[in-house]
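Please keep the sequence and the structure in view while reading.

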Amino acid sequence: AKVKAGTPEEIVDGFGAALRAGDVGAATALFSREACFVTPDSTVIQGRSQIRGFLQQLVDTAEDLTIEQRTMMKAGDVAVGSESWSMRVGRGATAPLRVSRSTIVLGRTEGVWRIAVVDPWRV
């Protein structure tokens, strides 16, 4: 799906909606080409193709993903957001619930906002 330009809030909301829908392609398209995503073991993966692979694993192994946007601060062509993530890691009602605080950084290039950094695993 083609990603339309939007505000940082719309981009972040679209990212959460795409993940919940299992649409890894739409979620990945919201990242800049050089974006970074921090994994649960603090490994930094970089670039859309690497991020897409990780998001696919996340969609395949997590259930009940909820992302609530709490704050978004903008300064020119940079925006920093803070969110609350919760998900069941694994399948079924007995899967443990993981709740974390996410930091997300967006940048605007040529008038279009894209996600530059996601670090979602802070407690």
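Rings of Phe, Tyr and Trp, with the six-membered ring taken for Trp, form a pair if their centres lie within 6.5 Å. In this predicted model, ring pairs join F15, F31, F37, F54, W85 and W121 into a cluster.

**Aromatic rings**

- A pair of aromatic rings is described by two quantities, the distance of the centres and the angle of the planes.
- There are six aromatic pairs by the rule given above.
- For F15 and W85, the ring centres are 6.3 Å apart and the planes stand at 45°, so this pair is tilted.
- This pair links distant parts of the chain, since F15 belongs to helix 1 (residues 8–21) and W85 to strand 4 (residues 78–89), 70 residues apart.
- Are F15 and W85 buried or exposed? F15 has a relative accessible area of 0% and is therefore buried; W85 is likewise buried, with a value of 0%.
- The rings of F31 and F37 form a tilted pair, because their centres are 6.3 Å apart and their planes lie at 50°.
- F31 counts as buried at 0% relative accessibility, and F37 also counts as buried at 0%.

**A buried threonine**

- T39 is located in the loop between strand 1 (31–38) and strand 2 (44–46).
- Why does T39 count as buried? Its relative accessibility is 8%, and buried means under 20%.
- Leaving aside residues up to four places away in sequence, T39 is in contact with I45, F54 and W121.
- Of these contacts, F54 and W121 also belong to the aromatic cluster.

**The sheet**

- Strands of a sheet pair through backbone hydrogen bonds, either parallel or antiparallel.
- Six strands form an open sheet in the order 2-1-6-5-4-3, and the pairing is mixed.
- Which strands lie at the edges? They are strand 2 and strand 3 (62–75), each of which pairs on one side only.
- On average, neighbouring strands of this sheet are turned by 20° against each other, with direction ignored.
- Strand 1 pairs with strand 2 in the antiparallel sense over three bridges, and V38 stands opposite V44 of strand 2.
- Strand 3 and strand 4 are also paired in the antiparallel sense, over eleven bridges.
- E63 has R88, in strand 4, as its bridge partner.
- The hairpin of strand 3 and strand 4 has two residues between the strands, and G76 in this hairpin takes a positive phi near 65°.

**Helices across the sheet**

- Helix 1 lies across strand 1, strand 3, strand 4, strand 5 (97–109) and strand 6 (112–122).
- The direction of helix 1 is at about 170° to strand 3.
- Helix 3 (residues 48–61) lies across strand 1, strand 2, strand 3, strand 4 and strand 6.
- At what angle does helix 3 run to strand 1? The angle is about 50°.

**The largest pocket**

- Rolling a probe the size of a water molecule over the atoms shows where empty space is left.
- The largest pocket has a volume of about 230 Å³.
- Its lining consists of S32, R33, E34, R48, G107, T109, E110, V112, R114 and A116.
- Strand 1, strand 5 and strand 6 are the elements that give two or more residues to this lining.

Conventions: Residues numbered from 1 in each chain as written. Predicted model: local features only at pLDDT ≥ 70, side-chain atom pairs only at ≥ 80, totals over all residues. Heavy atoms only, no water. Helix = DSSP H or I, 4+ residues; strand = E, 2+ residues; numbered from the N terminus. Buried < 20%, exposed > 50% of the residue type's maximum accessible area, 1.4 Å probe, protein only. Contact = heavy atoms within 4.5 Å. Phe/Tyr/Trp six-rings, centres within 6.5 Å; stacked < 30°, edge-to-face > 60°. Pairing = 2+ DSSP bridges. Axes fitted to C-alpha atoms, helices over the stretch in contact; angles between N-to-C directions. 1 Å grid on protein atoms, 1.4 Å probe; cavity = no way out; pocket = protein on both sides within 12 Å on 5 of 7 lines; lining within 4 Å. Points joined across faces, edges and corners; volume = space filled by probe spheres on them.
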